[in-house]
Amino acid sequence: LLTSFCLLIASNFTLAAPPLSPPFKTSNQPEIVVDVLWGQERVDSPLIQELLGSDFMKRLEGVDQSGPCRYFGYAPAYNRYEHCVGVWALLKRFKCSLPEQVAGLLHDASHTAFSHLADHLFAVPQ
């Protein structure tokens, strides 16, 4: 059953994102570029730049997005940071407002290790 579930999840990852480039180069550069699944996106908002370099966003680099299937070799490594930057990039491309972009970037900032699996393990009510 677990193998079937993992294969189902893995089939959704056929276009795995490449690892993200480090989001910050130096503080004196006015614009940075991040790599996301759909290509590169310029980060021209100082607020988004600051958030990308924040400790709570850096923490997401260590929180796995792909779940337990990754450990069985059925899904590529993909972390919450990459996911959140990708959500932000989509919102920016669709010309959403800055508050919407910030909300998209930060939507997983509170996630724990193993993400929603922990909700089931610790019986968090929905």
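**Exercise 1. Place Ser45 in the fold: in which loop is Ser45, and is Ser45 buried or exposed?**

Start with the elements: Ser45 sits in the loop between β2 (39–43) and α2. Helices (H or I, at least four residues) and strands (E, at least two) are DSSP runs, numbered from the N terminus. Next, check accessibility: Ser45 counts as buried because its relative accessibility is 13%. Buried means under 20% relative accessible area, exposed over 50%, partly exposed in between (1.4 Å probe, protein chains only). Finally, look across the chain: Ser45 and Leu98 are 53 residues apart in sequence, with 8.5 Å from C-alpha to C-alpha.

A word on the model: it is predicted, so local features need pLDDT of at least 70 and side-chain atom pairs count only at pLDDT 80 or more, while totals for chains, interfaces and linings use all residues. Residues are numbered from 1 along each chain as its sequence is written, and side-chain values use heavy atoms, leaving out hydrogens and water.

**Exercise 2. Find the largest nonpolar core and say which elements give two or more residues to it.**

Here a nonpolar core is a set of buried Ala, Val, Leu, Ile, Met, Phe, Trp, Tyr and Cys residues joined through side-chain atoms within 4.5 Å. The largest has 17 residues, and among those with the most contacts inside it are Val34, Ile48, Val85 and Trp88. The elements giving two or more residues are β1 (32–36), α2 (46–52), α4 (80–93) and α5 (98–106). The largest share, 5 residues, comes from α4. Now zoom in on Trp88: leaving aside residues up to four places away in sequence, Trp88 touches Val34, Glu41, Arg42, Val43, Ile48, Gln101 and Leu105. Contact means heavy atoms within 4.5 Å.

**Exercise 3. Show where the buried residues of α5 lie around the axis and what they pack against.**

First list them: Gln101, Val102, Gly104 and Leu105 are buried in α5. They lie on the same side of α5 because they cover an arc of only 165° around the axis; the arc is that of the directions from the helix axis to the C-beta atoms. Then look for partners: the buried residues of α5 pack against α2, α3 (55–59) and α4.

**Exercise 4. Describe Phe94 and Lys95: which loop holds them, and are they buried or exposed?**

Phe94 is in the loop between α4 and α5, and Lys95 is found in the loop between α4 and α5. Phe94 counts as exposed because its relative accessibility is 66%; Lys95, at 73%, counts as exposed. To finish, inspect the backbone: Lys95 has a positive phi of about 60° although it is not a glycine.
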